[in-house]
Amino acid sequence: MAERSLRGTNLSALSMETDENVVLSERRITRYVCENKHISELPFSVEADVPPVWECRCGQEAKLVDGPEPEGKPTKPARTHWDMLLERRSVPELEELLAERLDLLRTSRGEKPKKSKA
């Protein structure tokens, strides 16, 4: 019998408690504006730290109105494959490896390998 009375209720997602005797903390409305002039008004607790940047509904960063300028994160320059290769080998070593691989490729094709400069 108990199974039938709970059928159809979403016990995992809904709370059976009421909002009686619940005291909410003080709130303040915080405004954010993005480059597309979209305004987002969000309630934050008075005690909460308000972030200087919020993601707008259009996907861009919205800045806090009358707030501090957001701090830029230091970015590293992108390391390319060439940069990583130069960390492991010198240019003369790379030239020698290239000559070896070209000779190997030419012999597999049936061509005569060229003599190296060294």
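Predicted model: local features only at pLDDT ≥ 70, side-chain atom pairs only at ≥ 80, totals over all residues.
Let me begin with strand β1, residues 27–33, and strand β4, residues 61–64, which pair in the antiparallel sense over 2 bridges; strands are taken here as paired if DSSP finds at least two bridges between them, and the elements themselves are DSSP runs numbered from the N terminus, with helices being H or I over at least four residues and strands being E over at least two.

Residues are numbered from 1 along each chain as its sequence is written, and side-chain values use heavy atoms, with hydrogens and water left out.

For the overall layout, the protein has 3 helices and 4 strands, and from the N terminus on the elements follow the order α-β-β-β-β-α-α. The strands form an open sheet of 4, ordered β2-β1-β4-β3 with antiparallel pairing. Its edge strands are β2 and β3, each of which pairs on one side only, and the twist from one strand to the next averages 40 degrees, where axes are lines fitted to C-alpha atoms, for helices over the stretch in contact, and angles run from 0 to 180 degrees between N-to-C directions.

Now to the pairings on either side. Strand β1 is joined to β2, residues 39–45, by 7 bridges, and the two run antiparallel; among the facing residues, Arg 27 stands opposite Ser 45, and Arg 31 has Glu 41 as its bridge partner in β2. The hairpin of β1 and β2 has 5 residues between the strands, and there Lys 37 takes a positive phi near 70 degrees.

What makes up the largest nonpolar core? This core consists of 7 residues, namely Tyr 32, Cys 34, Leu 42, Phe 44, Cys 56, Ala 62 and Leu 64, and the elements that give two or more residues to it are β2 and β4. A nonpolar core here is a set of buried Ala, Val, Leu, Ile, Met, Phe, Trp, Tyr and Cys residues joined through side-chain atoms within 4.5 Å, and buried means under 20% relative accessible area, exposed means over 50%, and partly exposed lies in between, with a 1.4 Å probe and protein chains only. By that criterion, 9% of the 118 residues of the protein count as buried.

Phe 44, leaving out residues up to four places away in sequence, touches Glu 26, Arg 27, Arg 28, Thr 30, Tyr 32, Val 50, Pro 51 and Trp 54. Thr 30, in strand β1, is buried with a relative accessible area of 7%, and beyond its neighbours within four places in sequence its contacts are Ser 40, Glu 41, Leu 42, Phe 44, Val 50 and Leu 64. Ser 45, which lies in strand β2, counts as buried at 16% relative accessibility, and with the same exclusion up to four places away it touches Ser 25, Glu 26, Arg 27 and Arg 28.

The cysteines deserve a careful word. A search of the whole structure finds 0 disulfides, a disulfide being a pair of cysteine sulfur atoms within 2.5 Å. Cys 56 is in no disulfide, and the nearest cysteine sulfur to it, that of Cys 34, is 3.7 Å away; Cys 58 is likewise in no disulfide, its nearest cysteine sulfur being that of Cys 56, at 3.7 Å. As for accessibility, Cys 56 is buried at 4%, whereas Cys 58 counts as partly exposed at 33%.

Finally, helix α3, residues 91–109, has 19 residues and reaches 27 Å from its first C-alpha to its last, close to the 27 Å expected at 1.5 Å a residue, the expected span being 1.5 Å times one less than the number of residues. After α3 comes Gly 110, whose phi is positive, near 95 degrees.

Notes:
Contact = heavy atoms within 4.5 Å.
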